[in-house]
Each structure stands twice: as C-alpha cells, then as structure tokens.
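Welcome! Please take a look at the structure below, and then follow this short tour of some of its parts.

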2 protein chains.
Amino acid sequence: MTLKRNAFYAQSGGVTSVINASACGVIETAAKSKKINKVLCGQNGILGALNENLIDTSKESKSTIAKLKNTPGGAFGSCRFKLQDPINQKKEYDRLFEVFAAHDIGYFFYNGGGDSQDTTYKISEMAKKLKFPIQCIGIPKTVDNDLPFTDCSPGFGSVAKYVATSTLEAGLDVKSMAETSTKVFILEVMGRHAGWIAASSCLAATKAGDPPHIILLPEVPFEKSKFISQVKQTVKKNGYCVIIASEGTQTKSGKFLADSGLTDAFGHKQLGGVAPVLASMISKMGLKNHWAVADYLQRSARHISSKTDLDQAYAVGAHAVKLAIAGKTAIMPIIKRLSDSPYKWKIETASLKNVANVEKTMPKKFISANGFEITAAGKKYLRPLIQGEASTKYKNGIPEVAELKKVLVQKKVS
Amino acid sequence: MTLKRNAFYAQSGGVTSVINASACGVIETAAKSKKINKVLCGQNGILGALNENLIDTSKESKSTIAKLKNTPGGAFGSCRFKLQDPINQKKEYDRLFEVFAAHDIGYFFYNGGGDSQDTTYKISEMAKKLKFPIQCIGIPKTVDNDLPFTDCSPGFGSVAKYVATSTLEAGLDVKSMAETSTKVFILEVMGRHAGWIAASSCLAATKAGDPPHIILLPEVPFEKSKFISQVKQTVKKNGYCVIIASEGTQTKSGKFLADSGLTDAFGHKQLGGVAPVLASMISKMGLKNHWAVADYLQRSARHISSKTDLDQAYAVGAHAVKLAIAGKTAIMPIIKRLSDSPYKWKIETASLKNVANVEKTMPKKFISANGFEITAAGKKYLRPLIQGEASTKYKNGIPEVAELKKVLVQKKVS
C-alpha cells in the first residue's frame, strides 16, 4: 500500500502571462513531496475533471515543466465554467468525485480568480459532506487584481509593467508627433469593475508633465464635460495628452461607455471599445488622435513580465502544495506585504469561504481629487509590483515557450 | 579659419522605436570627424530649421547621447510637413538657406520615409541651383518597410518582432480560452498600403496549426464570404483562429474596411479600426471574439526591438555622416542583403531622385495562393530582420530613456 495519492491541478477563467509559473510551482513542489504521486492536470479547467480528460504531467520532461515559467496563456487549457449550486444540481459533483476516486485524487488545486475560488470552495464543502478525503486549495490568479485579502493577485504585476512600459513608450511617440500631427493618444486597458490596470500606467511618469495625463477608472463616474475640459487643459499645457482608459469606464448611472451588449458565461457583460468612443469625442474637439486597445496583448505579454509577479505566481503554486500535504483545505495562499521599499512579502493564507465572489476595487485614497490621477499612496502600493524583469529566452527571434506533449491518462470511468 | 562646419539633423514623419539610434549614429560619428563642428538638431523636423529652433547636441553628455539608442519616439520632435514645390513657392527655401548660412550648416541629414526624402532631394536640388555648399543625405526610416532599393527600412524589424511576439503570446492565450470562451482573436496592425507589418506575424508560427491563421494584407482584396469561410474552417480544424489585419485592408474597389462606420453606444460613428469591423462580422457568425489594436504601441515598443534593426538604424546614421564628409549629396545609405542565414548585410547607397515617393509593397511571391498566408520565400526574407534582442535597461521597473536638455542655439536670423 502506498501513501502517495495523485493531485489534480487546473486553470480557470481568463489566463495571465504567469499562470503557468504557478503550475510549475505546483508540479515541481509535488515532485519533491513524499505524499504526492502524479500531478494530473485538467484539460480546460474543471471540465477536464468532468470529462475525465486528465493530462499526465509525469510524461513531460523536467525542462519542459521548467519552461512553463516562460510560457504565457494557460498551458493546460482554461475554462469559463461555473459549477451549479450543489443543492439544486448534485449530478456535477457526483461526477467529479467519481473521477477523483477513480484516479485516486487526494489533492485538488484550482488556479483562478474569485469565481474559480467559489468552485474550489463548493468542492471542498461537498467533499466534507461526502467524507471524501481530499485537500482543496485555491491558487490565486487574476490580472484584474481584485481578489480580497492578498496584497496583489498574481498576474497583475506583469500587466502593470506592460501598461506602464507601453504608456512610457507610446507617450514618447505622441510627444514627438504632437507639433504637427497627433495630439491625443488613448490606450484602452482591461478592468471591468476595478481600475487597477489603468492605474498602473501612473508608474510611467518620472517627472511632472510626463504621461499618463488622464486615467479613467471604473471607480470614478465618467462625466463628459469634465473629461473634455481636462483634455483641453492638458493639450494647452503640455502640447499633447495621453489617456489610459479602463474598459469598464462608466457613467454615474452605471452605463459602460463601451457597452456592446454581449455577455460571457458568467453573465458578465463583455466589454471592448471604450477607446474609439473617447476618440470620437476628441475628434469633435478638433484634436487629431490615435487609439490603441491592448486587450489580450497586455495579459499575455510574458516577454515584459514583472520578476516580482513571476516569483509570486510560482510561490503561491509551490505553497499550495505545502498546505495540501499539511492537511489543509478550503484555503488559498495569499501575498502579505511586509514592506514597500524594498518590497518584502511572505505567503499567508485566506479562507476560501471569505474569498469567493468578493471584488477589491481601488480605495479612494489612491485616487486624486479630480479623479484622473493616482496619489502618492497609490504609487507606493503599485511601484513594487512591477520591479524586476523576468528573464525571457528567445529562439529564432521569438520567445521560446514550453511545448507540452499533453498525454491523457487512460479513462477509468465510462 | 576653421575647416569644420556644423551639421543639421532632423526627424520626420511617423517615428519608430529605433529612429533615435540613427540620431545617435549621426551624433557619435560626427563627434569623431574632423570636418564637423556641432550637430544641431531641428526641433520638430524641418520646422526646426524654418523656425530657427535648433537644439545644440554639444550641450548633452556623451552618456545621454548613448541612451538615445534605448529611447523610442523622436527625441528631437518630428513633423508631418511637406515643403512646397520650389517652382511655386521659393520663400520656404530662401528661409531655410538663410538659417543654414547663419548657423554655418554644411551638412544636412534628414531621417524619414519616402515623403521626407522628397524634402531632402528638393533641398539638395535648390542648394545646387543656389551654389550653396551643403551635403544633403537622407537617412532611411519607416515602420511600413515600403522604401525602395533598401533590403528593409530601419524601424520595421522592431515592429515585426513586436508583432510576431504578440501574435505568439496572444495566440497561446486564445488557445487556452477557446474551449468555453473566446474562439477568434483579431490583432490590427499598421500598414495603410503595404502589408509588411501584418505579414511579419507569420514568424510566430513554429509548426503547422500555430497562429497566425489568417493574415489580411492591403495587397489582397478583401472578400467577405471568402474570409468568413476561412474563419469557419480554421475554428473547425484548430478550435480557435488568430487573425492579423493590416489597417489598410480593403475591398477590390479600394474601400477601406475601417471606413465601414460602426456606431457606438452614444450613436456616434466610430473612427477607424478594421479590427472592430471584422469582430462584428465574426460575432454575427456566433463566434465569441476579442480584438486588439496595437497602433502606436507597436512602433514605439523599444523594449522588444530587434537587435538587427537597432544595429541597422545606428549604421545608416553613422554611414550618412561618412558619406557627407566624403562630399556626397542627394543620396541615402541603404541596406544591402548579402545572405539570408546567417543574415549578412552591408551599407550601399541609393540616389534620392529615385527614392522619393516610391512605395514598395509585398511581392506576389511572398503571398500564398489563398491570400491569407505568407510563403516560404516571404518567411526567408522576414526572419532575419527580427533576430537578436536589443538590450533594454530598466530603472524602477520601467525602461530607462534619454532625458535631453534640448538647449536651443541662440537665434541669429530675425
């Protein structure tokens, strides 16, 4: 009889440039553990468990697993899929535990944001009810940085570095064109309900007058006349104006500027296109403008990932394994900030019961009085998260990424 | 009496992530020359000469000048300004030569694309007519890669590397989301009349089935039904589809797709943007999609510049000075390819008379029969241009760029 049991790991929700570093942390730490046999990864998140599509990571070489740290996206496939409420729909849970039993899964790791940790929590509750021996640990991830309790969400720091760098670079471009051509540049970034990503653009400025000049946050109701006046003033003063807009920029009544009327699997409205709406307003002011929409580029830009973020993503994965083999369940490792400068942090834990479905938005003290800038307190919070450059290996001019074999375990449940 | 005369250098048209490397090449090479005293840079291109706003580069430290290699945008300011035809409008030329004479300008360097080299050529012709002793040398630059004679245009290789890297990274993101969410991703890139930038995305693929799956070029008339059928087939085969679209994608009759006119939530007509137009078509197919518009981000992304491109940008700047002090005029240094792999190149020259106002589009042999892919010949041409990573120094989490003092020379002409 062996004491070793298998672990299940899966990726859920929107992916990040460092979510695979968390996977790497799980797999490499599990390999050193005397309690874990194989790490089986769900193909496309929890669907991999429901459909019994389990990728056997023991078939991958150590160097391929190590390369996960350099690979953006979700290497095992992600999903937008919310488990039903167990009271109404027990079938999904029966199926899950059938698959877990068949494959001797004693450890469950789910790498995702708020919605995904709701799934982890539900599974842990059901396991308790069924007396199924399994440790359920959440692994935090979301570029939106809206998870509660943790200092930051792994994935965010890299987007922040991408956005700050892009703001700096594009800002220099617009500045050089402004005399006879483009005077206003708009960059649309992610962030439906929380403006953390747009806010991070403030780190591009090193002196007064530097871009970004206007930041639009979902937390601050959009007022057209105030916005137009701010653009006018900025162009008059600096000769040009750089605007960073959250996709979730909305009016006081909660109307998204870019509402396309589409919804995703969780019932969230799908957004995109606040930049062209703003560009239209600015053109009417008679100011030549350009606009960019970063969309997936920002959250997959592993080539400009923050070293701090990459380290944290790996650490929460590795720590999740340690918690599981210590017999913990229904918790999630989180980042605890110990100091700002130099940035020091350690791993603590949060109960999944409290994590699920809570969104952390920008505190008021991080937003300037006029609503368009980030305060010194906000910068102090954000700055450490973009520190350090995660090394990127290139081959033939492009980043080298992990090429997984993705061998599926033989199905045991019909 | 000194034999040394001053040089004028200016940047023109849309800027690039490496145009300042050409400036650095000019300034550092001039500093070693016995024939050149100071390099005076036009503030905002040729307007700097017309307005007698001349930046004295001798006031900058050597280390600041060296940092120009790390700085995107046009450090001295660019302009979109075309000199009048000298036959109709001699006044502008009189003014130019008045300023040149007052500041003892014996060397004229203009860093730009086709339109800008038209300016250089006109000035050289007028100088000849006026018997004004000045060497006029063009320095090539354009992200569009549409300059004739040269193997490539400095600035293009870096955009190509940005687009190939972004296609690889965002492609991995979409692939991991496709099972339950986004199935189609569209990236809009620059290229009004030539598809070189969109084409460079082909370098992201390392095996069959890899993104990009569909490339839309201005050179290939857009046919909606053919496009939709290709998207459908690609999603069926691969589970997802990555599309890279040139901003200049157009129908057979020359109508730009971006002029199709979508309206936003306020009922305003949206400006530009081929990506949202394509997204709208794909949404009607019932496929969830995301879209990005790279705009200025692509051409200012110095942090992911191609080392090859940076080296060439510096070399054409340095070589321009050598040509000038050798008494040449009305020419432009160009890149001559000696071999593909390893890529070897040298500097040759082209007459500005032949360069001005000619656009080099993609040759047919680089485009696949279906019009959506790049052939092996095209890849062989493009691949060398993205090789090598130009080193980037970071400070406090963001790239460190040159901070110029930009001291203006005292005006001598009223």
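## Helix 5 of chain B

Helices here are DSSP runs of H or I with at least four residues, strands are runs of E with at least two, and both are numbered from the N terminus. This is a predicted model, in which local features need pLDDT of at least 70 and side-chain atom pairs count only at pLDDT 80 or more, while totals for chains, interfaces and linings use all residues. Residues are numbered from 1 along each chain as its sequence is written, and chains are lettered from A and ligands numbered from 1 in the order in which they are written.

Because twelve of the 17 residues are buried, helix 5 of chain B is largely enclosed by the rest of the structure. A residue is buried if 20 or more other C-beta atoms lie within 10 Å of its own, exposed if 12 or fewer, and partly exposed in between, with C-beta atoms placed from the backbone. Among the buried residues are Tyr121(B), Ile123(B) and Met126(B). Their cover includes helix 4 (91-102), strand 4 (105-112) and strand 5 (135-140) of chain B.

## Strands 4 and 5 of chain A

In chain A, strand 4, helix 5 and strand 5 make a right-handed β-α-β unit; right-handed means that, with the strands pointing away from the viewer, the path from the first strand over the helix to the second runs clockwise. Strand 4 (residues 105-112) and strand 5 of chain A run parallel and are joined by six bridges, where two strands pair if DSSP finds at least two bridges between them. One such pair of partners is Asn111(A) and Ile139(A).

Six of the six residues of strand 5 (residues 135-140) of chain A are buried. Gln135(A), Ile137(A) and Ile139(A) point one way, while Cys136(A), Gly138(A) and Pro140(A) point the other way. In a regular strand, side chains alternate between the two faces of the sheet.

## Where the chains meet

How many residues of chain A are in contact with chain B? There are 66, and they are in contact with 62 residues of chain B; contact means that the C-beta atoms, placed from the backbone, lie within 7 Å. Helix 6 of chain A gives the most to its side, with 13 residues.

Ser166(A) is found in helix 6 of chain A. Ser166(A) counts as buried because 27 other C-beta atoms lie within 10 Å. Leaving out residues up to four places away in sequence, Ser166(A) touches Leu187(A), Ala294(A) and Leu297(B). Ser166(A) and Ala294(A) are 128 residues apart in sequence, yet 9.6 Å apart in space, C-alpha to C-alpha.

## Backbone details

A cis peptide bond with omega about 0° joins Pro211(A) and Pro212(A). Pro212(A) lies in the loop between helix 7 (196-200) and strand 7 (214-216) of chain A. In chain B, the bond from Pro211(B) to Pro212(B) is also cis, with omega near 0°.

Asn145(A) is not a glycine, but has a positive phi of about 60°. Is Asn145(A) buried or exposed? Asn145(A) is buried, with 28 other C-beta atoms within 10 Å. Lys406(B), also not a glycine, has a positive phi of about 50°. With 16 C-beta neighbours inside 10 Å, Lys406(B) counts as partly exposed.

Technical notes:
Two residues are in contact if their C-beta atoms, placed from the backbone, lie within 7 Å.
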